[in-house]
Amino acid sequence: MITNSTNEIEALGIDQRYKAAPNAASNIEGHFHPDPNGGGWINDRGIEPLIPLETTITIPTADISKTLQPVRFLSVISRHQAAETYYLYEQNGDLKYDMGNKGTVGGVRQTSVLSSGRKIPKPDDCGTQITTYGRFNLIVNGFDKMIKWWGREAYSDFGFISPTPTPSVADVDTAYAIFYDGAVPQQKLELLTSGNTCIRFTKNSYQGLGTTTKGDINRYDYKISFITDTGSESPLSDRATVSWTISTETIGGTSVYRPLQPDYSEGKYGVFLTDFPIGPKGTVARRIYRTKNRKDGLTGAGEIYYLVEQVNNNSQNHYTDVVPDQDLITLAPSVTESIVISSQWKHCATWNNSAWLGGGEQNPYGIIYSKTGLPEQFGLVDYFDVGLREGGAITGLVPFYDVLLVFRERAIEIITVGGNGEYVISTLDSNIGTTATNTIKLVARYGVMFLSKDGIFAITGSVRGGSVYKVVPMSRTIEKEMNRISISALPRATATYSEREKEYWVHYPVDGDTENSRGSVFHVLNEQWSFRSGDGFYSDDRGMPFTCMATDPSGWIIIGLLPNIGPDIQGRRGSPGIGLQVWSASRFVGQYLSNPVVNQSNTTFNVNYIAKEKDVWESVWTDFGDDTKKKRVMSVELEVITTGNNPITLDWATDWGYTYTTSGTQIPLRPETIETASSEPVYQSGTELNSATWDKSVWSQTQVTRIRWDIGTSLCSSFKFRLSSANLLQIISYQIEVVGSQNKTLNQKGASSRQ
């Protein structure tokens with residue numbers, strides 16, 4: 001019998017199209033990734049705790065439910081050239097961070113809570129967002145107060161969300177005099193029971209406010225502002241007014257203590273701010289502004305404010321103003337320079353040295369931006385409104401080189417800097433948008449990638465060098481997978497890019513679910529796709545329930561999970577992980593809790609690791625070049641990398657059938673020496689003919705070898721196979737041995753043709 005073998009077929013990534021490339025896969029599920037060294041696909045990944053756990057864990061019984069709630073936000077913040085790394089996440093309404101180690105006392109996790117009682121996002125809410133501006137991070141969610149976080153316990157509210165308080169000014173008492181040794185003191189400060197003050201200077205003094213002419217009216221208006229630790233200035237307060245009239249009366253009497261100069265108010269005066277408001281947390285200075293002497297309102301100065309002094313503290317609660325009008329030079333900012341903003345902005349970004357805020361229930365189409373270099377100071381006219389054109393609400397603000405991308409539900413806008421330095425907004429794409437805010441990530445060499453209801457796209461190009469920005473599809477080979485996505489819960493989707501792994505990950509809910517249960521991975525190394533899923537960590541086959549993902553400075557992918565919580569303590573399991581996880585070379589896929597022991601107010605669990613489930617690589621349907629001819633498949637020969645005594649299972653199907661036939665398992669070792677004393681050392685139970693001995697055996701290098709499965713199909717038109725293993729597996733290529741036939745496909749029996 002003459003058989004034919006296909007050419008060596010390199011194992012490629014997923015192509016779900018009917019006319020797929022013959023060497024593509026119809027499905028790759030689990031922990032596979034391209035091997036940058038040996039080539040092919042290898043499944044040597046798993047997850048493990050970011051902060052290792054002991055063999056037991058004790059949780060306050062009242063906190064069990066809270067401890068096992070899903071992670072709804074995750075970001076890795078690095079400072080001081082990665083010497084200080086924060087794993088910031090949100091769980092059960094608590095915004096907190098881990099410092100990346102177990103601590104110093106009893107292996108306790110170093111976790112600090114920044115804010116509690118925060119809004120827990122629903123499936124149609126993308127949740128908390130973050131952007132880094134200089135040395136601080138801005139955290140918003142569209143509901144709670146915006147947070148400005150500098151690291152560790154240094155945080156405060158962001159922006160000016162309430163008016164600046166008005167100072168209180170004491171009235172000036174010009175009729176106050178003290179008789180002492182026959183003379184009126186040249187200067188006297190005295191707070192009377194009335195609350196008025198008399199801070200008097202001689203009429204020739206340089207210091208002091210007002211005129212000294214009898215009968216003159218003197219009036220001054222005051223405003224203040226706060227300066228925060230970002231250098232931003234709050235809106236000016238409402239004005240506080242003080243006025244006094246130079247008295248025309250004289251002091252009568254003949255006492256020996258009668259002053260030599262009998263005028264009550266001969267001189268200038270100081271003004272006392274009795275209540276100099278203290279600014280909110282984060283205030284580092286306060287500025288005092290006042291007008292020049294407005295006199296009677298007709299002959300004096302106008303309502304123009306000048307800087308009197310910047311008080312560089314946030315503790316002093318009173319102030320005495322003796323600065324003469326001629327020293328007032330610096331004008332106060334206009335009312336348009338700084339305004340009160342809402343805390344209900346949903347999205348944030350840092351671009352062109354300004355902080356940008358947009359979207360949210362209160363203003364779904366609005367965008368505001370701060371003054372350059374002053375991230376908390378927003379001007380009255382520094383604003384865009386995209387609601388005048390189609391595209392839906394704003395769903396994300398993302399800086400991309402020299403532009404700011406404005407994502408909307410059904411469109412993408414682009415903000416650029418015009419020729420005169422002004423900002424200009426225009427439409428990049430009026431048909432493609434996204435509600436999956438947390439999937440928008442910058443991917444090296446490809447631009448900004450994101451998931452939408454229509455698939456996965458990338459924004460590429462630049463306005464420089466003659467190139468233009470454009471939106472290009474990236475998921476044409478996995479459209480069947482994209483059609484499974486639950487559009488109503490798309491805001492739950494999450495993504496990250498790791499330069500270490502050279503992968504863009506995106507996880508999403510499918511088939512009507514409201515939680516992320518599957519993922520797609522774009523491998524930059526070979527520009528191909530695989531899926532992150534499997535038999536399921538849970539009995540409900542949710543696959544990989546990754547609720548949030550981020551990448552740390554070293555390129556490790558950090559994962560937040562959806563733990564499984566049963567109806568009672570006995571059934572509560574923190575699988576597939578307690579706390580944050582890291583994608584690594586682990587042989588496990590998380591942990592679960594078992595054997596609860598309740599002791600007063602605490603419950604102690606055993607921590608058990610979950611072994612990896614089966615990973616699958618599945619070929620596309622192949623007709624060997626002619627689907628009209630029947631043929632028999634005799635064998636499949638696989639080129640793999642030796643990985644020890646780790647069995648691989650091969651199943652096959654014919655003619656687009658759903659029923660698979662198994663051909664058993666093979667071991668990825670050299671067939672010529674397997675089960676002999678010359679085989680490669682295997683560290684197992686010690687029953688192998690060449691069992692490895694610790695500290696004695698010499699391990700061989702991994703080798704390329706071929707293993708074969710006999711198939712023996714009946715006559716068929718098309719054929720496919722799948723490989724599965726919970727063990728280490730690296731697939732490079734394969735060949736299929738087939739016997740041809742001259743038999744043609746039979747005609748279908750049916751109704752007679754119409755005449």
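My entries below go from confidence to a sheet, then salt bridges, then cores.

**Entry 1: how far can I trust it?**
I started here since this is a predicted model. The chain averages a pLDDT of 85, and 83% of the residues score at least 70.

**Entry 2: a sheet**
In what order do the strands of the open sheet run? I read off β12-β13-β14-β15, 4 strands with antiparallel pairing. β12 (129–133) and β15 (154–157) stand at the edges with a single partner strand each, so one side of each has no neighbour in the sheet. On average, neighbouring strands here are turned by 25° against each other, ignoring direction.

I zoomed in on one pair. β12 and β13 (residues 136–140) run antiparallel and are joined by 5 bridges. I130 has I139 in β13 as its bridge partner. A reminder from class: strands of a sheet pair through backbone hydrogen bonds, either parallel or antiparallel.

**Entry 3: salt bridges**
Side chains of opposite charge can pair when their charged atoms come close.

Are the two partners buried or exposed? R518 is at 7% relative accessibility, so I put it down as buried. E29 is at 16%, and that counts as buried because the cut-off is under 20%.

Next came R118 and E90, which meet at 2.7 Å, N to O. R118 is in the loop between β11 (111–115) and β12, while E90 is in strand β9 (residues 84–91), 28 residues apart. R118 is buried, with a relative accessible area of 5%, and E90 is buried too, at 2%.

Last, I checked E303 and R239, with closest N and O atoms 2.9 Å apart. E303 lies in the loop between β22 (283–291) and β23 (305–311), and R239 in the loop between β18 (217–228) and β19 (240–245); they are 64 residues apart. E303 is partly exposed at 36% relative accessibility, and R239 is partly exposed at 42%.

One more thing I noted: salt bridges with shared partners join E29, E481, R484, D511 and R518 into one network.

**Entry 4: nonpolar cores**
Which residues have the most contacts inside the largest nonpolar core? I found M449, L451, I456, Y504, W617 and F721, in a core of 49 residues. Leaving aside neighbours within four places in sequence, L451 touches a list of residues including T434, A436, I456, M482, L490, Y504 and Y508. There is also a second, separate core of 23 residues, with Y220, F226, V311 and V323 among them.

Key:
Residues are numbered from 1 along each chain as its sequence is written. This is a predicted model: local features need pLDDT of at least 70, side-chain atom pairs count only at pLDDT 80 or more; totals for chains, interfaces and linings use all residues. Side-chain values use heavy atoms; hydrogens and water are left out. Two strands pair if DSSP finds at least two bridges between them. Helices (H or I, at least four residues) and strands (E, at least two) are DSSP runs, numbered from the N terminus. Axes are lines fitted to C-alpha atoms, for helices over the stretch in contact, and angles run from 0 to 180 degrees between N-to-C directions. Buried means under 20% relative accessible area, exposed over 50%, partly exposed in between (1.4 Å probe, protein chains only). A salt bridge is a side-chain nitrogen of Lys or Arg within 4 Å of a carboxyl oxygen of Asp or Glu. A nonpolar core is a set of buried Ala, Val, Leu, Ile, Met, Phe, Trp, Tyr and Cys residues joined through side-chain atoms within 4.5 Å. Contact means heavy atoms within 4.5 Å. pLDDT is the predictor's confidence in each residue, from 0 to 100.
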